Amino acid sequence: MAKEALSSNDRARDSASIEALNKAAADCVDTCFNRMDLQSNQCKFGTTGVCCRICHMGPCKITPKSPKGVCGADADTIVARNFLREVVGGTAAHSDHGRHLVLRLKKVAEGNGGGYQIKDEAALRRAARWYGLEEACKIKEAVALELADIFIGEFTSQEDPLKTLSLAPIKRQALWEQLNCKPEGIDRMCVEAMHRTHMGVDHDYKNLLMHAFRTSLADGWGGARVATICSDILFGTPSPLKSKVNLGVLGEKTVNVIVHGHEPELSEMLAVAVKTPEIQEYAKQAGAEGVTLAGICCTANEILMRHGIPVAGNFLQQELAIITGAVEMMITDVQCVMPSLPDVAKAYHTEIVSTSDMAKTVGATHLGFDPDDAMTSAKNLLKRAIDAYKKRDPKKVAIPKSNSPLVAGYSVEAIKYMLGGKFRGSFRPLNDAIIQGRIKGVVGIVGCNNPKSKMDEYMMVLTKELIKRDVLVIQTGCAAIACAKEGMLTPEAALEQAGPGLKEVCEAVGIAPVLHLGSCVDNSRILEAATEIVREGGLGDDLSQVPAVGVAPEWMSEKAIAIGCYFVASGVDVVLGHPFHIAGSENVTKFLNEETKELFGGSFHVAEDAHTAVAKIMEILNDAREKLGINKKAERKLLDMKDRRELNV
Ligand code: NFS
Ligand code: SF4
């Protein structure tokens, strides 16, 4: 039987979402929230990971009476196989996104960019140097072509490990080598994983899980990193800017167009097209004051970071945005797009438009986006949305008032610049603050929200509690949007709540206590930042020594699993707000939650509420500080020449 329905206040924390949920009920529109009630009695075989449907002798499920599948696979094998397949899903999603950008970069380099350009030449040349390319005497197109070919090799490499791994600290690279965990080409890792998990291939749970980590490294130090690098080259490296967030960014008198999904190619062009006089004029002729372009999910983060385009909401708000009755068009591409959107849209005048030939939804209008003529595609979409403005029914419109200011745009380059200034950009002030104990450590809060728990609650409480304890918080994805909704991404609000040490440092160097680093592929920026901390010196010579933790409080997607795995394989402890589907195997659980600590220097931890997470995180940070010998101010040890020589990074 379904659970008793929760009230809107139990489901959401921000007033805009609560209002929209109440409106959904009044309009008799189904959302993921009430579908969650209908699914609340979720299958225990699924949640514990012991259901196997890999071959057609099955499906098999493991119970005390039937401890093995028809083929003889036990719970360890089945759980590990299922887990590996989830990691492949996440890695493939991030990496395919990266691949599309690489192919675009290559076309731009060849002079067939279709309206895209190398917007950030400094980012291009910086990246070229990372990969050991001689760039100084070459024109930017030539450099871009060489770089694009290296990136394509990251997908196709059959025998050589990924070149991007060389961006990690040397000690970490050596550990991966020693553990035989260095991924070859991204595509090969995914294909091999599917092969290994086919009936009758790899049955050793540890062997399967090690491949899960190896595959995830092809995400974090492969596909995702490449996606971020290419986006910065093509669309610009973000730097801090102001914008606003929540459903209240939608306009009463403007045509509202929402971009939802992940890949920045289309949304970037829409962000440019929407400002053209042609589109603004067209909107005025239709009787609107203009066009409001806003984002949902990571597409939102991409155009927020670079253009300051407002964010309508995060993952759980995609249906709610339509329920405002004020959205003319929602343009989707790939990932995290609920198939329910056309159903929700039926109650209003909203048109759901899918644009990627690999991501169609029944009930959505498919208008394939042509990246080779992107500006025309973008303008056509906007004009079609403007044409729909007259269909808006004022009786069905209720836009919640709430919208909060935020500051986003913290790329690693921007953080360096803020910390050290234009000529001496460096992480030194941050490292010093950590060594001196004014900042206790750095915590990345990332990932989705999930109707299994009250929307954004865990992420908000955790963020507030951590900054209070002098922990610098960095965020990406829907977690960043969650905190922005409560003003926590404005330096003023966050500084007010930050502990004295963190506050002092933030005020002195002019950064906020909670930094928005971008979309989920931009979790690679977190790895980049952590590597900078190691390089800067004084906090160990590997990522596992830095007092840093990753947290995915309300995660739901396979991408979040892949991210968690590459954090752990990089030596960073990861706290999950709810467990993976692995409880059916004690061995798998022990491996992921304990034994990986020995292997990688980081492991998974589960903390089902924010306060438990705070305690766990502070324990991990303190432990790291203890090991570094920086836990007491008196014991502070400055880096001497000997230390510097030993700094093998
Ligand atoms: Ni990340 Fe970004 Fe959000 Fe979760 Fe989905 S949008 S890629 S997966 S839901 S954080
Ligand atoms: Fe059952 Fe084995 Fe087939 Fe899985 S692979 S469905 S456990 S017989």
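**Notes on the ligand sites and backbone**

1. The residues surrounding ligand 1 are His262, Cys297, Cys298, Phe315, Cys336, Gly447, Cys448, Cys478, Cys520, Met556, Ser557 and Lys559. Please keep in mind that this is a predicted model. Sorted by class, this shell holds 8 nonpolar, 3 polar and 1 charged residues. Domain 3 (247-396) and domain 4 (410-628) each supply at least three residues to the shell around ligand 1.

2. The nickel atom of ligand 1 has Cys520 as its only protein donor, through SG at 2.2 Å. Cys520 sits in the loop that runs between strand 13 (514-518) and helix 23 (523-536).

3. Ser519 lies in the loop between strand 13 and helix 23. Ser519 counts as buried because its relative accessibility is 1%, and the cut-off for buried is under 20%. Leaving aside neighbours within four places in sequence, Ser519 contacts Cys298, Asn301, Glu302, Thr476 and Gly477. One of these, Cys298, is also among the residues surrounding ligand 1.

4. Cys297, a member of the shell around ligand 1, belongs to helix 13 (residues 297-307). Phi of Cys297 is near 65°, a positive value in a residue other than glycine. Most residues other than glycine have a negative phi. Cys297 is buried, at 1% relative accessibility.

5. Asp456 is not a glycine but likewise has a positive phi, of about 70°. Asp456 is placed in the loop between strand 11 (441-445) and helix 19 (457-468). With a relative accessible area of 2%, Asp456 is buried.

6. Which residues surround ligand 2? They are Cys52, Ile54, Cys55, Met57, Gly58, Cys60, Gly69, Val70, Cys71, Ile78, Arg81 and Met199. By class, the shell around ligand 2 has 9 nonpolar, 2 polar and 1 charged residues. At least three residues come from each of domain 1 (10-61) and domain 2 (75-235).

7. Gly58, one of the residues surrounding ligand 2, is joined to Pro59 by a cis peptide bond with omega near 5°. Most peptide bonds are trans. Pro59 is in the loop between strand 1 (51-52) and strand 2 (60-61).

Technical notes. Residues are numbered from 1 along each chain as its sequence is written. Chains are lettered from A and ligands numbered from 1 in the order in which they are written. This is a predicted model: local features need pLDDT of at least 70, side-chain atom pairs count only at pLDDT 80 or more; totals for chains, interfaces and linings use all residues. Side-chain values use heavy atoms; hydrogens and water are left out. Donors are N, O and S atoms within 2.8 Å of the metal (3.2 Å for Na, K and Ca); water is not among the atoms, so sites may look incomplete. Helices (H or I, at least four residues) and strands (E, at least two) are DSSP runs, numbered from the N terminus. Buried means under 20% relative accessible area, exposed over 50%, partly exposed in between (1.4 Å probe, protein chains only). Contact means heavy atoms within 4.5 Å. A residue is near a molecule or strand if one of its heavy atoms lies within 4 Å of it. Ala, Val, Leu, Ile, Met, Phe, Trp, Tyr, Cys and Pro count as nonpolar, Asp, Glu, Lys and Arg as charged, and the others, Gly among them, as polar. Domain bounds come from an automatic or database domain assignment.
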